[in-house]
Protein chains: 2
Amino acid sequence: MTDGRIRQADGFEALETPCLLLDSDRLKANIAGMRAHLDRLGVSLRPHLKTAKSLDVARIAMVGTSGPATVSTLREAEYFAEGGVRDLIYAVGIAPQKLDRVGAIRRRWGTDLAIVLDSVEQAEAVAGWSRRAGDTLPVLIEVDADGHRSGVDPRDADRLVAIGRVLAAGATLRGVLLHAGDSYGLSDPAALKAAAEAERQAALAAAAILREAGLPCPVVSVGSTPTARYADNLDGITEVRAGVFMIGDLFQAGIGSCTIDDIALSVLTTVIGHQRDKGWIITDAGWMALSRDRGTARQAVDQGYGVACDGAGQPYPDLIVRDANQEHGILALRRGSTATLPDLPVGARLRILPNHACATGAQHDRYHVITGQTLTGAVWPRINGW
Amino acid sequence: MTDGRIRQADGFEALETPCLLLDSDRLKANIAGMRAHLDRLGVSLRPHLKTAKSLDVARIAMVGTSGPATVSTLREAEYFAEGGVRDLIYAVGIAPQKLDRVGAIRRRWGTDLAIVLDSVEQAEAVAGWSRRAGDTLPVLIEVDADGHRSGVDPRDADRLVAIGRVLAAGATLRGVLLHAGDSYGLSDPAALKAAAEAERQAALAAAAILREAGLPCPVVSVGSTPTARYADNLDGITEVRAGVFMIGDLFQAGIGSCTIDDIALSVLTTVIGHQRDKGWIITDAGWMALSRDRGTARQAVDQGYGVACDGAGQPYPDLIVRDANQEHGILALRRGSTATLPDLPVGARLRILPNHACATGAQHDRYHVITGQTLTGAVWPRINGW
């Protein structure tokens, strides 16, 4: 290995590949940047832990060791409650079968775990459960910011008030929660600002309906990484939930929520072969290590299964993971590129920037922590499953 | 829940969702069918364990508890060796850094773990390692059946013989290995038969080159689920590797390698909401539970993120997972369908057939074993990682 750039990966030689590298300097900078931005807007951050799924990351992202934070599964809620987090929202619509487990988390760790719903039938199940269990569950009504998936239409005052009244009679109505998921399909800054403002307006409209009906609405919670990044007015909002901003990925870079240089996560991989007549470099990071996520296929720049970088995290010009099998990555230059394929012999190490940090992270059970191109020796476990 | 079909899922009510269901009756039938087919062709089966990643499944798929079998990671090799498997091929091109771990597996469990390579540089690394370690590693030369990914062109006699000579001077040259991965893009039976025959011819050509050069080639190993299923002549082949056939999935059904009714794997999920004006049913099985695999998007019938079935595994007419977020599945009728959306209230359970068993399985750490629509109570662990 005579190429200076390849030598830069030698610091990672002790690691088995494929594995996850997490740059803690970039992670901390991303978190500090979002916190400063939200501080300026006078709103607090309730980080979403679904991307990192790591207590070590959570402790950097949260304002204190006890939260607040957001989770996407009850498995995460248990893991973070066990780790000392005392203020959580499980931000996926509740199924009645999950209420006993919610109650168990609240009792066992004393964690204020709130749930989310968007129908009268769920509210009745929750109110009934609360009365039977003697635990008035805190509930946020999910409001639909943009037609993305779940939530009550913020113009549907009847349904909002009906849900609110059922909750107020048995559980604790804590407020409203929105997620402007359609912002993931945008990339124009003006459109992203408009999406953030639309999310805020929908939240305020729903909160006003509840308050005018005499119902409580102390919490007005919004969030998505793109709208959090582009919001310039969050008056009336009490908290922002976002997760992927901590780590960043190629998809967020395609939106403009971060730059390539902000991405804190990469997959370390080893060259295992070549098809030189085709210009292919074969590595041991296939879709099992990178995930099947091809989110950038819908963006202006399709990054394949990821961007190939040297050990320092510097992208090789136009070198992407053009295709992937389960345990094989096929690296090649972008179609039409005039760049030269780097000379990466069998055994050379390189790093792949992921399309989607949530999906790539989930293929692994730990982060090897780096700063720049130095392995710190720290290994941060991460969890999966439900 | 008044609909008889919905009631059929009640047997699974004790399970937390989302989770994996594995129908052991279908699994056993799929394995018996493949074994009978290969018996008729006079060739043995070396099941690929990368799909199931479960010792319980392996013991059904293998002819005996000690193998033979195929793995896609050294983590699998360790897990199955620990579980008593003594004859394994690690069927991904070897990196020199992995040889110490290969040697450790061979020593610790006495497992005959063979490796795969396709270059002189790898062969030199392996021969050198073998001489230093005093362990003549068994090696198969990977041969390219169809331009799919790795392997030596079977017409490249110089390279085949050069690799063979380096190996024969230090390691153990055991034979050739091919994988006709391009067969995954086919669906016409005649084309699939032709792909199987082309894979066989490439294998025989490479074996003949080695033998004519005075090199040994006792093993001639081919395999992919589609070519294994459609082969009608395997003369000269000593073993077939295949994995996904055991479980089946929508992608294999699209090829014609199995039928929908053969699919042994499904994801149990719970309804968590509706957007009734859009015809959406929201469930708790998003892409985290189903995987991001959208393989059927390239086939004649796009199955979205999966086909929705009742508790008995019977598909609801035209109901698929049209979109998915991390922990939300969005079910809707296929575009243009005239079917009626089933009435599935919040809390109803249903089962999702996966696009790709290898990818969906990897999102989970266990199988809940069922027979038909009955939960057996057995839980089979499965592994992930490297």
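## A tour from Pro68(A)

Start by selecting Pro68(A). Pro68(A) sits in the loop of chain A that runs between α3 (55-61) and β3 (69-71). Helices here are DSSP runs of H or I with at least four residues, strands are runs of E with at least two, and both are numbered from the N terminus. The model is a predicted one, in which local features need pLDDT of at least 70 and side-chain atom pairs count only at pLDDT 80 or more, while totals for chains, interfaces and linings use all residues. Residues are numbered from 1 along each chain as its sequence is written, chains are lettered from A and ligands numbered from 1 in the order in which they are written, and side-chain values use heavy atoms, without hydrogens and water.

**The cis bonds.** Show the backbone from Gly67(A) to Pro68(A). This peptide bond is cis, with omega near 0°. Most peptide bonds are trans. Now go to chain B. The bond from Gly67(B) to Pro68(B) is also cis, omega near 0°. Pro68(B) lies in the loop between α3 (55-61) and β3 (69-71) of chain B.

**Positive phi.** Stay in chain B and pick Lys53(B), in the loop between β2 (44-45) and α3. Its phi is near 50°, a positive value in a residue other than glycine. Is Lys53(B) buried or exposed? At 1% relative accessibility, Lys53(B) counts as buried. Buried means under 20% relative accessible area, exposed over 50%, and partly exposed in between, with a 1.4 Å probe and protein chains only.

Jump to Asp318(A), in strand β13 (residues 315-324) of chain A. Phi of Asp318(A) is near 65°, again positive in a non-glycine residue. Asp318(A) counts as partly exposed, at 29% relative accessibility.

**Between the chains.** Select Asn325(B), in the loop between β13 (315-324) and β14 (329-333) of chain B. With 12% relative accessibility, Asn325(B) counts as buried. What does Asn325(B) touch, beyond residues up to four places away in sequence? His148(A) and Arg149(A) from chain A, plus Gly286(B) and Trp287(B). Contact means heavy atoms within 4.5 Å.

**Helix pair in chain A.** Colour α4 (residues 74-82) and α5 (residues 99-109) of chain A. Their axes are 10 Å apart, at an angle of about 5°. Axes are lines fitted to C-alpha atoms, for helices over the stretch in contact, and angles run from 0 to 180 degrees between N-to-C directions. α4(A) and α5(A) are therefore roughly parallel. Angles under 35 degrees count as roughly parallel, over 145 as roughly antiparallel, 65 to 115 as roughly perpendicular and the rest as oblique. Residues in this contact include Leu74(A) and Glu78(A) of α4(A), and Ile105(A) and Trp109(A) of α5(A). The contact divides into 6 nonpolar, no polar and 5 charged residues. Nonpolar covers Ala, Val, Leu, Ile, Met, Phe, Trp, Tyr, Cys and Pro; charged covers Asp, Glu, Lys and Arg; the others, Gly among them, are polar.

**Helix pair in chain B.** Next, α6 (residues 120-133) and α7 (residues 157-168) of chain B. Their axes come within 8 Å and cross at roughly 5°. The contact has 8 nonpolar, no polar and 1 charged residues. Among them are Glu124(B) and Val126(B) in α6(B), and Leu167(B) in α7(B).

**Last stop, the core.** Keep Leu167(B) selected. Beyond its neighbours within four places in sequence, Leu167(B) contacts several residues, including Leu117(B), Val139(B), Ile141(B) and Thr172(B). Of the 226 residues in the largest nonpolar core, Val126(A), Leu167(A), Val126(B) and Leu167(B) touch the most other members. Such a core is a set of buried Ala, Val, Leu, Ile, Met, Phe, Trp, Tyr and Cys residues joined through side-chain atoms within 4.5 Å.
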